[in-house]
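Here's a quick tour of one model, written for someone who likes to know the cut-offs. Have a look at the sequence and the fold first.

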Amino acid sequence: MIPITRHPAPDTWPSLLKRPVDTNDTLEEQVLRIMETVQHEGDKALLDFALRFDKQTLSRLSVSAEEWDTAECISTSLKDATDIAIRNIRTFHTALIPRTVTVETMPGIHCTSKPVAIEKVGLYIPGGTAPLYSTLMMLGIPAQLAGCKEIVVCTPPGVNGKVAAPLLYIARQLGVTQIFKTGGAQAIAAMAYGTESIPQVHKIFGPGNQYVTTAKMLLQARGVAIDMPAGPSEVAVLADDSCIPDYVAADLLSQAEHGVDSQVILVSDSLSVLEQVQTSLTEQIKTLPRNQFAGASLSHSKAILVEDMNTGIALLNQYAPEHLIIACRDEDAIAGKIRNAGSVFLGNYAPESAGDYASGTNHTLPTNGYAKAYSGVSVSSFMKTISFQKITREGLGSIANAIISLAQAEGLEAHANAVSVRLRNP
């Protein structure tokens, strides 16, 4: 089901690990047209796009009171599951809240770093083939903990032009009230520029398809802040002969079912493991409702046989996966050698879906190799840091010569004079 590549040479790794991409050369041009239309036509453009792309005729973009009432209609078991996930996510992210730090670098010189919440943030919650209700928890909880004053949510309209009840239940639990029915690149543009209904925000968060990701990247180039490049989802599994092949196969399929542009990578130093996983994949995929998506994803995924674990680690550090599962007997030691990954799952009992929903970590993670430079979303993603310095006359005197010498070396005499004038005229 997944082609096995045996002992690939390091110089072939870049081509072997290449992600599936949209071959549509006009993607950026299409997204630009959508964004410009939203910028100039506002709500009208969003309603037109809802009809064109989502096949929904909407009279309004905001969620009606009648829709909000459906939030309580979800099953008790789903409410309980949601409550557990919210509690764990909040517990984990509370521990990550940045704190104010003050350092006296020299007598009379006090420097402070103070984290401050971004006032207005926009959260994109994907719909499409699989509505990701959990993304609202992953983004909304750290936004709240950071202290963001305004949280705007955009999500594609679902059946009959409604927002799904589970999403509204989560929103109520989080105290999020501004939800708008618009998806794709047009939703990203709406939050960036603002429309009659949708407030303009200062930073945009959330994963999405290649249209959403392209819109975010184009806006970033125009000065709009985004969380990270977060495109089609991906998982890599590093497995040795201590793994349970059925578990590995289940993990690969859990990622492959996201969509045809998702990618899974299986790396092992055991040919037997690769073959056993293949057999299990063949059996398990038959039972999946989304087996067509999973099958298409697996067709461009990779199974790689390496000489040893160190080679596998090096290969995966180059790949920089969004999710990395280490199903090996020495998982902790191996984890210490991982340098590039969005989120890592250790051992046979840590499925990637745990992080997607309820373990407490975040599932909004860098994809497409961006884990080499980006982190997943956390409370700090919703904050900025302001530095302060409080300096006495004595403190300034202790660094005056250093400031003056450095300023004059750069040819900035006014900088030097800003110090000198203070020392001449106390």
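What follows covers the ground rules, the nonpolar cores, a helix pair and a sheet.

## Ground rules

This is a predicted model, with local features needing pLDDT of at least 70 and side-chain atom pairs counting only at pLDDT 80 or more, while totals for chains, interfaces and linings use all residues. Residues are numbered from 1 along each chain as its sequence is written, and side-chain values use heavy atoms, leaving out hydrogens and water.

## Nonpolar cores

The largest nonpolar core has 38 residues. A core here is a set of buried Ala, Val, Leu, Ile, Met, Phe, Trp, Tyr and Cys residues joined through side-chain atoms within 4.5 Å, with buried meaning under 20% relative accessible area (1.4 Å probe, protein chains only). Among the residues with the most contacts inside it are Val121, Leu123 and Phe382.

Beyond its neighbours within four places in sequence, Leu123 touches Leu136, Ile151, Met191, Phe205 and Phe382, among others (contact: heavy atoms within 4.5 Å). A second, separate core of 30 residues includes Leu46, Cys154, Phe180 and Ala190.

## A helix pair

Helices α2 (27-41) and α3 (43-54) have axes that come within 6 Å and cross at roughly 140°. The two are therefore oblique to each other. From α2, the contact uses Ile34, Thr37, Val38 and Glu41. Its residues split into six nonpolar, one polar and four charged.

## A three-stranded sheet

An open antiparallel sheet runs in the order β2-β3-β14, with β2 (101-106) and β14 (383-391) at the edges.

Note on methods
Buried means under 20% relative accessible area, exposed over 50%, partly exposed in between (1.4 Å probe, protein chains only). Axes are lines fitted to C-alpha atoms, for helices over the stretch in contact, and angles run from 0 to 180 degrees between N-to-C directions. Helices (H or I, at least four residues) and strands (E, at least two) are DSSP runs, numbered from the N terminus. Angles under 35 degrees count as roughly parallel, over 145 as roughly antiparallel, 65 to 115 as roughly perpendicular and the rest as oblique. Ala, Val, Leu, Ile, Met, Phe, Trp, Tyr, Cys and Pro count as nonpolar, Asp, Glu, Lys and Arg as charged, and the others, Gly among them, as polar. Two strands pair if DSSP finds at least two bridges between them.
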